[in-house]
Amino acid sequence: MESTRHSCLKLEPQHSEPIFVKCTWSQSRFDLSITDGLHAWICHASEEEVRDRAAQWDQPVTEYVELAERYLGFQQPGSIYQFTDAGDGHKRLSWTFDKEGTTLEWRWKCQLSPNSKETTAGILDFLMDANIRLSEEVVRKTQSFERLKVEAEKCLAQSEKINDEKVEFESAIYEKFLGVLNSKKAKLRELRGQLSNEKAAGKLPEDESSEKTDSFDNGSDDEKSEEEPAKDVTGTSKLVVGSRPRGRQRTTRI
């Protein structure tokens, strides 16, 4: 089954009073119902007519219908709309559009409705139904927004609570950490003091032993210095004793 779409546009044509254009769109055709509040006009664009128009513009039928829906579903600011007399009470609806730098114009002839009241009432009913649907949609959207707002406020309150708890937790942890750190620092100072006292107490025996060792070393040096001259004397005496026999031998030979 071919799907249809509906739209209704309040159009302000050039040099004319505002009109309401109700459109029914399908894949290959469309229908127009137009009213100015007093009179009404209709246009039934059959598949054959739409196909001929699309062929004239070298367009596929679906593209032609989509472009017409674009300009009759919403009033395009760059387009010039006109709703002029076509004789015998009929009207001609036209609009312009740009294509590849060229301004083109489409025109459709609208016949005077055989029952203007019925056509106008149909347009008003469509507008009322659309207004009701939009109002219901607005109510649903508003309710949904209020629910989202309440949820957002709850989330915000919960986030603030979590943030406060986080700050309290960090403060408590920081205080505990400072307590542990200060106790560790105090313990380290105590250990350093004990170590300094032990070192100070251990220096005295080391100094005495070093003094004793130095005096002993000095004494041995003195003994060595006393022994060395004796050795020198003995050496000289040997030399003297050795020289005497040589002198006697010389005297004997004489």
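A charge sits over a ring if NZ of Lys or CZ of Arg is within 6 Å of the ring centre and within 35 degrees of the ring normal. This is a predicted model, in which local features need pLDDT of at least 70 and side-chain atom pairs count only at pLDDT 80 or more, while totals for chains, interfaces and linings use all residues. Residues are numbered from 1 along each chain as its sequence is written, and side-chain values use heavy atoms, with hydrogens and water left out.

**View 1. Charges over aromatic rings.** Lys22 lies over the face of Phe126, at 5.4 Å from the ring centre. Arg53 is placed over the face of Trp108, at 3.9 Å from the ring centre.

**View 2. The pair of Trp25 and Phe30.** Eight aromatic pairs are found in the structure, where rings of Phe, Tyr and Trp (its six-membered ring) pair if their centres lie within 6.5 Å, and planes under 30 degrees apart count as stacked, over 60 as edge-to-face and the rest as tilted. The ring centres of Trp25 and Phe30 are 5.1 Å apart and their planes stand at 40°, so this pair is tilted. Trp25 is buried, at a relative accessible area of 0% (buried means under 20%, with a 1.4 Å probe and protein chains only), and Phe30 also counts as buried at 0%.

**View 3. The pair of Tyr64 and Trp106.** Tyr64 and Trp106 are stacked, 4.1 Å centre to centre with 25° between the planes. This pair links distant parts of the chain, 42 residues apart, with Tyr64 in helix H2 (residues 61–73) and Trp106 in strand E7 (residues 102–112); helices (H or I, at least four residues) and strands (E, at least two) are DSSP runs, numbered from the N terminus. Both Tyr64 and Trp106 are buried.

Note on methods. Buried < 20%, exposed > 50% of the residue type's maximum accessible area, 1.4 Å probe, protein only.
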